[in-house]
Each structure stands twice: as structure tokens, then as C-alpha cells.
Amino acid sequence: DWTMAGYRQQAIDAIREQVGDAHVICGLSGGVDSSVTAILLHEAIGDQLTCVFVDHGLLRQNEATEVVKMFRDNYNIKLIAADESDLFLGELEGVSDPELKRKTIGRLFIDVFQKYANDIKDAEYLAQGTLYPDVIESVSFSGGPSVTIKSHHNVGGLPEKMGLKLVEPLRELFKDEVRALGHELGLPASFIGRHPFPGPGLAIRCPGEITREKLDILRKADAVYIDQIRKHGLYDEIWQAFVAILPVRTVGVMGDGRTYDFACALRAVTSVDGMTADYYPFSHEFLGETATRIINEVKGINRVTYDITSKPPGTIEWE
Ligand code: XMP
């Protein structure tokens, strides 16, 4: 009989066998995948594990603080929290091509990890929360010829130059299985239920050039949107929901003045594994109320649209 408890033990044995007494570095993103990876590794090899949480300046509101707090309060895992936002945002200045954004972020992640890895004695492995859909999607699409739709920076094997071997204990699992495993490992339900968040973060929800101004506006709008979704009890029905800030300013009226601010798009989809998705059928009341709140509460946005594209032909993210 296949059980999650059985899988957990099997995964722990496999990690111990692969790693031996070497040291492992795990990039913690705060997402379910990397969190489950870290906790599983911690169970398997204890303090042979060091986690590194990199704040690339592209996280959501309060995210860095909350993730670090969750791990510090609940687990006895060695954790380095690194604020590298100046480095990432600096290198991304003037970059608007989606693939170049991913490549830049991926390259910097490797640099930053290398920097910390050098300080960790006997580090031999890098742990990643790669899932089965990541593995397939990065090599083929709809059974067609091998093409890369998006170069997910967390897939494809880190360059050998990093000098670390990979441990990917979730490589055979789908998202719902990772959540079940997280539950089995005692991760708080609020954490397990979090929507997926891409490695490149807000960079790919800010089409065109990324600026600190746009990121600040995006964070605020996203927080209002998620608050609305939670208040209406819809969070768990949705696979992923977020705001994208559009690279266009539009004219509006506020009181007796004219505004010229950014437009944004709300995105919410249902999905089982992220490979296909349908837009979420919010009520018009919900959409109207949310648009009003965002425009009233977020300085810098004066127009709200709802993205009703499914995947395919769209992708979930805007880039
Ligand atoms: P798309 O936009 O390709 O997204 O339909 C499918 C799922 O993957 C996430 N995503 C990424 N995750 N690095 C990641 O770690 C990436 O570069 C990346 N691009 C998309 C997306 O959020 C969705 O869950």
C-alpha cells in the first residue's frame, strides 16, 4: 500500500543514501516546495543542512519577514537570511525581455549561492524543490517537439561551475502530493495552502522594465487583492492569484482632478498542476469591489482589469 508516511520514510532513506555525511545547502524561497524540501532534508540529515533564504527584492509584501519568522520560530534549521535586493534590482535595471529577466535572476542566484556555499564547510550538495511538472514542462510541450516555453531558473540543473551536486527529493511529485507530504511533516496548514510563487517573483508580474516604484505599487495592489480573496473565502478555491502591473499609464478622474497612473491586471486561475489552467469566475460584485479598493487604497494605480485568458493559449504568469 502506498501511503504518504511511507513515502516520507522512503524519501528520507534516499536522501541519507545519496548525501552520506556531506553538507547540503538548500535555497529556501518560502514556497511550499522549498519548505517541504528543507524540512524533509532536516529530518534526514539534521545539521548537515544549511538553508539560505535570498531576498531578491522581488518578493511580496512582508514575505521575507514572514518566511524567516516561520522557520526561526518552528524549526531548528540553520538558516542564513540574505538581503540581496540591491544586487538583483541593480542588475535588472533596464532589462525588459522576459527571458533575460529570468536568466539574469538565475545567474545572480547562482552567484549568491556560490558566495554562501563557499562559507559552508564541506558543502557538496544543493537541494532544490523541483517538481515533476517542472521537469516535464522544461523539455516538451503537448507532446510536440522539444521546446522551452520559459526557462524556469530553478530547473535544468545548475551549472557544474557551481561545483555542487543536486538533491531533488520532490522530483517525482505533483503539487498536491507535495502539500500532502508537507502536512505529513507537520508544516502549518496556512503555509501548505499558500499559492505557488515563481522563483523570479514579481519580476515576471511587472512586464517591461522593473523599477522600485512599480514594485512598491504592485506589492500594495497585490496585498489588497489577496486580502479581498481571503475575506470572501475564495483563497483555497484558487490555484494562484496575483496582480500584474502593466507598463502603461492611463488617464482617470479622482475627485475633481485628472490622474495619470498605472493600469493593472488581476489574475486568478484554477488548476491541478499548473500545466493547464482556467480563469477563476469571480462574481461581478467581487471584481467591482476589488477594483474600487485597489484604486482607493493604492496610490499609483487608476485602472483595474481582469485577465480571463486560460492556459493554453495563455500562460499563468504574464511573462
Ligand atoms: P506559467 O506562467 O508558465 O506558469 O503558466 C506555470 C507555473 O509555474 C510558475 N512559474 C515559474 N516558477 N520559475 C519558477 O520557479 C519561473 O521562472 C516560473 N515561471 C512560471 C508559475 O507561477 C505557475 O505556478
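## Reading a loop and its helices

Me: Before the features, what kind of model is this, and how are residues numbered?
Reply: This is a predicted model; local features need pLDDT of at least 70, side-chain atom pairs count only at pLDDT 80 or more, and totals for chains, interfaces and linings use all residues. Residues are numbered from 1 along each chain as its sequence is written.

Me: Which residues does UniProt list for "binding site"?
Reply: UniProt positions follow the numbering used here, feature names are shortened, and annotations may be inferred rather than shown by experiment. Here the unreviewed UniProt entry lists Ser29, Gly30, Gly31, Val32, Asp33, Ser34 and Ser35.

Me: Where does Ser29 lie?
Reply: Helices (H or I, at least four residues) and strands (E, at least two) are DSSP runs numbered from the N terminus. Ser29 is in the loop between strand S1 (23-28) and helix H2 (32-45), and Gly31 is in the loop between S1 and H2 too.

Me: Is Ser29 buried or exposed?
Reply: A residue is buried if 20 or more other C-beta atoms lie within 10 Å of its own, exposed if 12 or fewer, and partly exposed in between, with C-beta atoms placed from the backbone. Ser29 counts as buried because it has 23 C-beta neighbours inside 10 Å. Gly31 is buried, with 20 other C-beta atoms within 10 Å.

Me: Which residues does Gly31 touch, not counting residues up to four places away in sequence?
Reply: Two residues are in contact if their C-beta atoms, placed from the backbone, lie within 7 Å. With residues up to four places away in sequence not counted, Gly31 touches Pro196 and Phe197, while Ser29 touches Ser34 and Gly199.

Me: At roughly what angle do the axes of H2 and helix H7 cross?
Reply: Axes are lines fitted to C-alpha atoms, for helices over the stretch in contact, and angles run from 0 to 180 degrees between N-to-C directions. Angles under 35 degrees count as roughly parallel, over 145 as roughly antiparallel, 65 to 115 as roughly perpendicular and the rest as oblique. The axes of H2 and H7 (residues 175-184) come within 10 Å and cross at roughly 45°, so H2 and H7 are oblique to each other. In H2, Val32, Asp33, Ser35 and Val36 meet Val178, Arg179, Leu181 and Gly182 in H7.

Me: How are H1 and H2 oriented to each other?
Reply: The axes of helix H1 (residues 4-19) and H2 come within 9 Å and cross at roughly 70°; H1 and H2 are therefore roughly perpendicular. Ala11, Ile12, Ile15, Arg16 and Val19 in H1 meet Leu40, Leu41, Glu43, Ala44 and Ile45 in H2.
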